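Dear colleague,

Please find the structure below, together with a short account of its findings. I would ask you to keep it open while you read.

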Amino acid sequence: MGPMTLDASNPFAAPSSLPYELPDYAAIREEHYEPAVRAGMAEQRREVEAIATDPEPPTVENTLDALERSGRLLSRALHAFFNQVSADATPGLEDVYERLSPELAAHRDAIYMDARLHARVRALADAAEAGELSLEPDTAWLLRTLLKDFRRAGVGLDADRQAELRRLNGRITELEAVFGRKLLAGEKASAVLVTDVAELEGLPEDAIAAAAASAAERGHEGAWLLDLQLPTQQDVVGSLARRDVRERVQRASESRGTHGDENDTRATLLEIARLRAERARLLGYEHHAAYVAEDATAGTTEAVNAMLARLAPAAVANARAEGAELEALLRRTVPDAELRASDWAHLSEAVRKERYALDDALLRPYLELERVVRDGVFEAAHRLYGLSFAERTDLVGYHPDVRVFEVFDSPEPGEPDQGLGLFLADWYTRPSKRGGAWMNNLVDQNRLLGQRPVVVNNLNIVKPPAGEPTLLLWDQVITLFHEFGHALHGLLSDVRYPSQSGTAVPRDFVEYPSQVNEMWAWDPEILRSYAVHHVTGEPMPTEWIDTMLASRQFNEGFSTTEYLAAALLDQAWHQLAPEDVPTSVDDVLAFEAKALAEAGVDYAPVPPRYRTTYFNHVWGSGYSAGYYSYIWSEVLDADTVEWYRENGGLTRANGETFRRRLLARGGSQDPLDSFRDLRGRDADIAPLLARRGLGTVGA
């Protein structure tokens, strides 16, 4: 396992002395991570061994609390490491990730397959069931969760099957890291090089300048490089006037991972799919999707399949109607043309401009990043929760672009502000950052260890040339509010145990608070606060705001269909038995096509939001068989938006109720109980159907 102790000069050897235990990135170097993680694993093994061999009868303090206190060094190192390897990777960090991944899987197996430890936890549960032990609700939930984790980790298997499970876990974890590395490298290699600026007709000037800067940085002086984002649809396609250039970008996006080179992801993902299926069978599950669903609020794959099947027909019908309108528009200039995926964003933007007299070029000058954050994202959090934000230029992040804000809390109106935690903002794209947008914790809030939260939001906005403002697309504004919803879940957590902190909830619940937070981007009061022209200071015209609000269902058929296609594709791969997983890389796209056709979402102009070969959520991240969770969570979200409206909208009282009954509770109880406490009942799907223009389908 490597060294048993860590050199005192390593920045992870002791808790950070910086405010809120922010990792000391000024001191942390690439070479510090691996020894810290190895020493952290060794230290936690010793701590767990002491718990397992304690001669005293098990108690909450010497077993549950002791487990929660264990692994502090490992936690410090991994929180910092996982964030950096996703947001500012280097070849060295990626190598460390690949080396450590199977060892970390083995480390977890050693804890959760320990029969002695399981026996102590089981004894506490038996005592509680017999009425001999009284537990606080959060401790009872922790006990229930631990027992489920032991069972799902294979504690009940015999020695031979446990050894096989360890092998599978190690190899799967290793391959997930390999997939992420290949995807990032392939994404960079697939960037579209343009040598004639005329081909960029329609692209905003700041985007052209950013493309020139990206090309120069990669050794293509005098050219322009269109970097790819993680999803299939690329933002630039909506602006590019030339159909042939749009098609080049679309093909580059959709073909990622299929080129037969060192960045081809197909063999990696096939092995992941097969090994996940083998692991599920070993643990007694029909397939990997069933294994995942059991640990989520959905409970079963039947429940997941039923929801997706209920929504798909109406979504595709809407998309086809939208597509027919776009094809008619296309044929005005290209007779007899068939609508392509690369046409959709450009033509739909033209329709939106015609129908609503708005387009992104009009809106962007009113959507400047600093203003959106300060007077939009932060302002909504202030009005709802009493939070305020002060930038700490004396504190540094893991990259020069990272900004650190101290978050202050005024629990009740009129009370003095109190330091709550830190929020790190990393808005800009760069070659070392994986695509997409996400939130990470660097420190988990918990009362057991007296730690306050430190959270990070990562986006992938193209950085403008020095001195130029960052002007946003409307979708990027929504993403800002969404990711900050995750940040609020972490910042406003108020739990005893580290393992229950903030976003430590089932995968199909974690998106719910972040989706709720999107509503404030649309709130007329907040929108008028941040939608201000970056040069003149004039507010966005009221009629534009009214038009934006009226256009919310525009293109919803496309949006719902591309999402559902990806969610159904995820389920198709993960509802396979081991022997049914394709064995040849040449079968990957054929399997995808068949799965989409069988699910009824095979509409060529609307490809899945992520195709198989670059579906990082499920092959390189934590969403395997769980991509459905976004729309599962949206049922709760849409119903909660109705609750806000019924109770007066953007008020401190409503914010405090949502905070105390839901955000603060993290994973300290059944999350659906938190929702019921807020709403007074189970969720109703009707608000979601209305929001997405799906009427009463399947009712």
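The notes that follow concern aromatic rings and charges placed over them.

This is a predicted model, in which local features need pLDDT of at least 70, side-chain atom pairs count only at pLDDT 80 or more, and totals for chains, interfaces and linings use all residues. Residues are numbered from 1 along each chain as its sequence is written, and side-chain values use heavy atoms, with hydrogens and water left out.

A pair of aromatic rings is described by the distance of the centres and the angle of the planes. Rings of Phe, Tyr and Trp (its six-membered ring) pair if their centres lie within 6.5 Å; planes under 30 degrees apart count as stacked, over 60 as edge-to-face and the rest as tilted. The count comes to 38 aromatic pairs. In one of them, the ring centres of Phe-81 and Tyr-97 are 6.2 Å apart and the planes stand at 70°, so this pair is edge-to-face. Phe-81 has 1% relative accessibility and therefore counts as buried (under 20% relative accessible area, with exposed over 50% and partly exposed in between, using a 1.4 Å probe and protein chains only). Tyr-97, at 23%, counts as partly exposed.

The rings of Tyr-112 and Phe-150 have centres 5.2 Å apart and planes at 55°, so they form a tilted pair. Both Tyr-112 and Phe-150 are buried.

Two arginines sit over rings (CZ of Arg, or NZ of Lys, within 6 Å of the ring centre and within 35 degrees of the ring normal). Arg-256 lies over the face of Tyr-614, 4.1 Å from the ring centre, and Arg-434 lies over that of Trp-438, at 3.8 Å.

Yours sincerely
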